[in-house]
Amino acid sequence: MGDNLVMSVWNRWFRRPSETRALANISETSTADGRSSDSKEEKVVDLLADEKVTDSPPTTDTLTPVSQKPVQREGEPSTVPDGNGREILTEAGAYDRLGFCFSWYKKWYILTIVFLVQVSMNFNTSLYSNAIEGMTTTFGISAQAGRVGACVFLISYAFGCELWAPWSEDFGRWPIMQMSLFLVNLWQIPVALAQNYGTVVIGRVLGGFSSAGGSVTLAMVADMWEPEDQQWAVAFVVFSSVGGSVLGPVVGGFTEMYLDWRWSIWLQLFFGLFVQILHLLFVPETRSTILLDCIAKERRQAGGNQRIYGPNEMIPLKERLAWGEIVRTWWRPFKMFFKEPIVSVLSLLSGFSDALIFMFIQSFALVYARWGFNSVEVGLTFIPILIGYFIGYGIFGFAIKRNIALRAKQPNSEYAQYEHRLFYLLWTAPLLPLGLFGFAWTSTGPPLPWIASMIFSAMVGIANYAIYMATIDYMITAYGPYSASATGGNGFSRDFLAGILTLPAAPFYKSESDIVLPFSQHVNLSQTLVLVEILLHGHPLSSGS
């Protein structure tokens, strides 16, 4: 009875993205890259603006299975007339020059550098916390006031990722990433040299807004891999995002004990400069529309077809930078987050799991003080979470292989093509509440061994990686040309909730009473159970239909 009621609510309120995928088929030939998304040149029906579409029943007859989508743009025209005597070059007209046809080696060395870039940006979010104790002495502030710098960076990072994404669609991934890295590194300098705490906060806010983050790195995956081949690359980039957050406290334990607090900021700058130079020297442009613009210019200059132009050449810069278009593109991820319940639930689950990691960053010093850990030892307590990420990565290596085999076996099954990507989340998401429950009752100090709590924090790490990977993989594939908006809501939720929960984390744990640590974890546990329950019983993932 209860399950039937839940399923009834789901079917009436939680619209599966079948309609979105059907509309995605309409727009495949009208987008320059067909994957990433929400570029202004897309001439498609705006799903979110047409409420009549969202109320229609799921349409699966027009579904093009992922495994059957053309990978060589066969049968598509190489150019499309614009109505003014000019021809617009399409991906089919220069497919062998685009990122999809880069060699295996070139794709993965580019992605490795992108991996390091993403690690550095997430490293910036967490290493700061190890500078707080030094700031309390230098500026005469409380530790809680010092955590404001961590909070505002994460919140502004959440908005920064969304603000940078549209620019990478119009001007290319390479210049936007370079500009982002330059500004992030620039704002580290006033923070490191600050003579008052206000300068630190302002520098952190500007640094967060300057961070392009996963919005651009995931888009580069879409530039080089077709949707049916993206899973391995997505898993790699997801690992860089979660891994960078726990690398900060591991390194920060040593800087906090042996160096002045300003070195925690300088290290962020040095790491940022290193990855910016790597990106500058070794990463080419991957955005398809930008490459097509360059190819069209080359052909005209070589004396070829003088009427051929690239997609962006047909749109004046003034029109591309029109505020109406910019605001519409910026607003879409937020609109999708609030109006697509599937995006909302999966993003909230993903955001809350990531927020737990940042609560750990602020609270582990209080927890492990019960065993007399110093700052270095507290930093090393994050290694179990990193081990959990490696285990999660391995689990999804197995899951990806199974999904590829199932898609090949059942090319016309919507479940195989889409929902099966969430199947292994049914087994890994429960590790989040289980890890919280175990951590709560093993973090009370001696006589319990400290290793017990770390086993449960590793379980949280497995769940955090699995939740991020599964939700991103599902959204990229299921929402087609709307995937950037869907994943944008996911990324926004992770950073925003992490920032919001950074400030209450330490007060939540700090008390002389031994009951507070278990109680605070049980509050987290109750919130997590609600989201995991919706995931487990709200969506028919176990159905093969």
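1. Contact, as the word is used in this note, means heavy atoms within 4.5 Å. The structure is a predicted model, in which local features need pLDDT of at least 70 and side-chain atom pairs count only at pLDDT 80 or more, while totals for chains, interfaces and linings use all residues. Residues are numbered from 1 along each chain as its sequence is written, and side-chain values use heavy atoms, with hydrogens and water left out.

2. As for the chain as a whole, its secondary structure comes to 24 helices and three strands, these being DSSP runs numbered from the N terminus (helices H or I, at least four residues; strands E, at least two). Of the 545 residues, 60% count as buried, where buried means under 20% relative accessible area, exposed over 50% and partly exposed in between, with a 1.4 Å probe and protein chains only. Among contacts with a separation of 6 or more, 81% are between residues 24 or more positions apart.

3. Valine 221 is placed in helix H10, which spans residues 214–224, and it counts as buried because its relative accessibility is 0%. If its neighbours within four places in sequence are left aside, valine 221 is in contact with Leu111, Gln230, Ala233, Val234 and Val237. Between valine 221 and tryptophan 232, which are eleven residues apart in sequence, the C-alpha to C-alpha distance is 9.8 Å.

4. Two packed helices are described by the angle between their axes and the distance between the axes. Here the axes are lines fitted to C-alpha atoms, for helices over the stretch in contact, and angles run from 0 to 180 degrees between N-to-C directions. Helix H4 (residues 104–127) packs with helix H11 (residues 231–258) at about 40°, their axes being 7 Å apart. The two are therefore oblique to each other, given that angles under 35 degrees count as roughly parallel, over 145 as roughly antiparallel, 65 to 115 as roughly perpendicular and the rest as oblique. The residues of this contact of H4 with H11 divide into 14 nonpolar, twelve polar and no charged, where Ala, Val, Leu, Ile, Met, Phe, Trp, Tyr, Cys and Pro count as nonpolar, Asp, Glu, Lys and Arg as charged, and the others, Gly among them, as polar.

5. H4 also meets helix H8 (residues 173–192), the axes coming within 12 Å and crossing at roughly 30°, and H4 and H8 are therefore roughly parallel to each other. On the H4 side Val117, Met121 and Asn124 take part, and they meet Met177, Ser180, Leu181, Val184 and Gln188 in H8. The residues of this contact divide into five nonpolar, three polar and no charged.

6. A search of the whole structure finds six salt bridges, a salt bridge being a side-chain nitrogen of Lys or Arg within 4 Å of a carboxyl oxygen of Asp or Glu. One of them joins arginine 307 and glutamate 87, with the closest N and O atoms 3.2 Å apart. This pair links distant parts of the chain, 220 residues apart, with arginine 307 in the loop between helix H13 (288–301) and strand E3 (308–309) and glutamate 87 in strand E2 (residues 87–89). Arginine 307 is partly exposed, at a relative accessible area of 45%, whereas glutamate 87 is buried at 17%.

7. Another salt bridge is formed by the side chains of aspartate 354 and arginine 494 (3.0 Å, N to O). Aspartate 354 lies in helix H16 (residues 341–368) and arginine 494 in helix H23 (residues 483–509), so the pair ties together parts that are 140 residues apart in sequence. Both aspartate 354 and arginine 494 are buried.
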